[in-house]
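Please have your viewer ready and follow along.

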Number of protein chains: 2
Amino acid sequence: MKITQNIKIAVDAVVFGYHNNQIQILLIQQKFGKKQWALPGGFVLDKETLDEAVIRELKEETGVKANYLEQLYTFGATQRDERLRVISVAYLALINPNNYILKADTDAKDAQWFDIYDLPELAFDHKDIIAVGLERLKAKINYQPIGFELLNTKFPFSDLENLYQTILNKKLDRRNFRKKLLSFGILQETDQYQKVGSGRPAKLFKFNKKKYKELEQNGFHFEIKFA
Amino acid sequence: MKITQNIKIAVDAVVFGYHNNQIQILLIQQKFGKKQWALPGGFVLDKETLDEAVIRELKEETGVKANYLEQLYTFGATQRDERLRVISVAYLALINPNNYILKADTDAKDAQWFDIYDLPELAFDHKDIIAVGLERLKAKINYQPIGFELLNTKFPFSDLENLYQTILNKKLDRRNFRKKLLSFGILQETDQYQKVGSGRPAKLFKFNKKKYKELEQNGFHFEIKFA
């Protein structure tokens, strides 16, 4: 079967991390061309799936492996890349930046975390792709416990609170948020404490994934409503 | 820039309609090869966007135009098509079958509606794509009023009820469903009646899209919870 089609297919990853009380995004600096900052990503190889392509590109260009990865949206405007027609399958990924030392390689000259509210100029339509990724993250943390993928295994409650406030970009009623989250029974108190700011040491919590899976199977829906 | 990549990109449409108390899906019979039933779709042209490609293919192969269209998911397994590597960007579309006479052309030998709970054998991974489409539809009718795209402009309330029951594949508490839907204030009573089954003529309703948009802008969320 002969198909004349001059379109290439790539993957790009919108990787969010939580660090220094900021929601950050992982960007690479292009080694060639305009040397702009861009999302990690690249062309799909003939023998790999889309998921395999994005995992490989992330590893090659930045040295990280995502805790959480889902397909976001496929961007197919005709003028995305001035050199040739490229359709990009974008992914949303979450990692804990504390677990990795960034290591740029292959097409990337550098790899760095940037505050999502203070981004450099970006290549292609990557600003739009990030906007779609952030919208998905904002929507999703309200009905799936994916926020925990961004935190340390053990965290003070204030980290979780601040994570939600930063992603949603608004103040939350702290008392209600705490009450709601604890009522689910998926947060486990540990016997460890951590000094946070100038206050007294705060108790550390753990997300009980096993408990969550059990509850989910019995029809439980993780759902946080913010008025 | 020279990229060696042997992958072609296609679009496929999961088109749902509601007819004869069934949720139906629009399929075409392939003109060439195995002459199997398949989703309407085809290869993306170099100068068209993905949305344009799916709209064109739907028109060419079946003669319909979707009331509602959204990108569903991109399927990129390496062995989807035994002839060559094809990545497919799948779309979810909703139409009212009563508004169209199907008309197969180009690559399609025939175009027909099938009950989603009684499908023929399908080409490629189209069965999986339909399953993903149905999941999306099931989830989405609970928080967006897209079900109305499947109904006539004026409909008896029992149609709406049956639509939800058929998509969700379960019995609903009719009294609660009616109370909930009417409480939103987005359903408008008309002064027309229609005979439904053996009962007395039923009042016809209209979906007030303008009212919905207004409410939505003021923070209203369409949300139906089924216990």
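The sections below go through domains, sheets, helix pairs and the chain contact.

## Ground rules

This is a predicted model, in which local features need pLDDT of at least 70 and side-chain atom pairs count only at pLDDT 80 or more, while totals for chains, interfaces and linings use all residues. Residues are numbered from 1 along each chain as its sequence is written, and chains are lettered from A and ligands numbered from 1 in the order in which they are written.

Helices (H or I, at least four residues) and strands (E, at least two) are DSSP runs, numbered from the N terminus. Two residues are in contact if their C-beta atoms, placed from the backbone, lie within 7 Å.

## The two domains of chain A

Chain A is assigned domain 1 (8–140) and domain 2 (145–217); the bounds come from an automatic or database domain assignment. Taken over C-alpha atoms, the centres of domain 1 and domain 2 of chain A are 27 Å apart. Where they touch, domain 1 of chain A contributes 14 residues and domain 2 of chain A contributes 10 residues.

On the domain 1 side of this contact in chain A, strand S1 (8–19), strand S2 (22–30) and helix H2 (126–140) each supply at least two residues. By class, that side has six nonpolar, six polar and two charged residues. Here Ala, Val, Leu, Ile, Met, Phe, Trp, Tyr, Cys and Pro count as nonpolar, Asp, Glu, Lys and Arg as charged, and the others, Gly among them, as polar.

## The sheet in chain A

In chain A, three strands make an open sheet in the order S8-S10-S9, paired antiparallel. Strands count as paired if DSSP finds at least two bridges between them. Strand S8 (154–156) and strand S9 (187–194) of chain A each have a single partner strand and stand at the edges, so one side of each has no neighbour in the sheet. On average, neighbouring strands of this sheet are turned by 40 degrees against each other, direction ignored.

How many bridges join S8(A) to S10(A)? There are three bridges between S8(A) and S10(A), and the two run antiparallel. Phe155(A) has Phe205(A) in S10(A) as its bridge partner. On the other pairing, S9(A) and strand S10 (residues 202–207) of chain A are joined antiparallel over five bridges. Phe205(A) in S10(A) is also the bridge partner of Glu189(A), and Leu187(A) stands opposite Phe207(A) in S10(A). Helix H3 (residues 157–168) of chain A lies across S8 and S10 of chain A, at about 80 degrees to S8(A). For such values, axes are lines fitted to C-alpha atoms, for helices over the stretch in contact, and angles run from 0 to 180 degrees between N-to-C directions.

## The sheet in chain B

Chain B has an open sheet of three strands in the order S8-S10-S9, with antiparallel pairing. Strand S8 (154–156) and strand S9 (187–194) of chain B are at the edges with a single partner strand each, so one side of each is left without a neighbour in the sheet.

S8(B) pairs antiparallel with strand S10 (residues 202–207) of chain B over three bridges, and Phe155(B) stands opposite Phe205(B) in S10(B). Helix H3 (residues 157–168) of chain B packs on this sheet, touching S8 and S10 of chain B, and its direction makes about 80 degrees with that of S8(B).

## A helix pair in each chain

In chain A, the axes of H3(A) and helix H4 (residues 174–183) come within 11 Å and cross at roughly 110 degrees. H3(A) and H4(A) are therefore roughly perpendicular to each other (angles under 35 degrees count as roughly parallel, over 145 as roughly antiparallel, 65 to 115 as roughly perpendicular and the rest as oblique). H3(A) supplies Phe157(A), Leu160(A), Glu161(A) and Tyr164(A) to the contact, and H4(A) supplies Arg174(A), Phe177(A), Arg178(A) and Leu181(A). These residues divide into five nonpolar, no polar and three charged.

In chain B, H3(B) and helix H4 (residues 174–183) pack at an angle of about 110 degrees, with their axes 11 Å apart.

## Where the chains meet

The contact between the chains takes 24 residues from chain B and 24 residues from chain A. On the chain B side, strand S1 (8–19), strand S5 (68–75) and strand S6 (86–94) each give two or more residues. S5(B) gives the most, with three residues. The chain B side divides into 12 nonpolar, seven polar and five charged residues.
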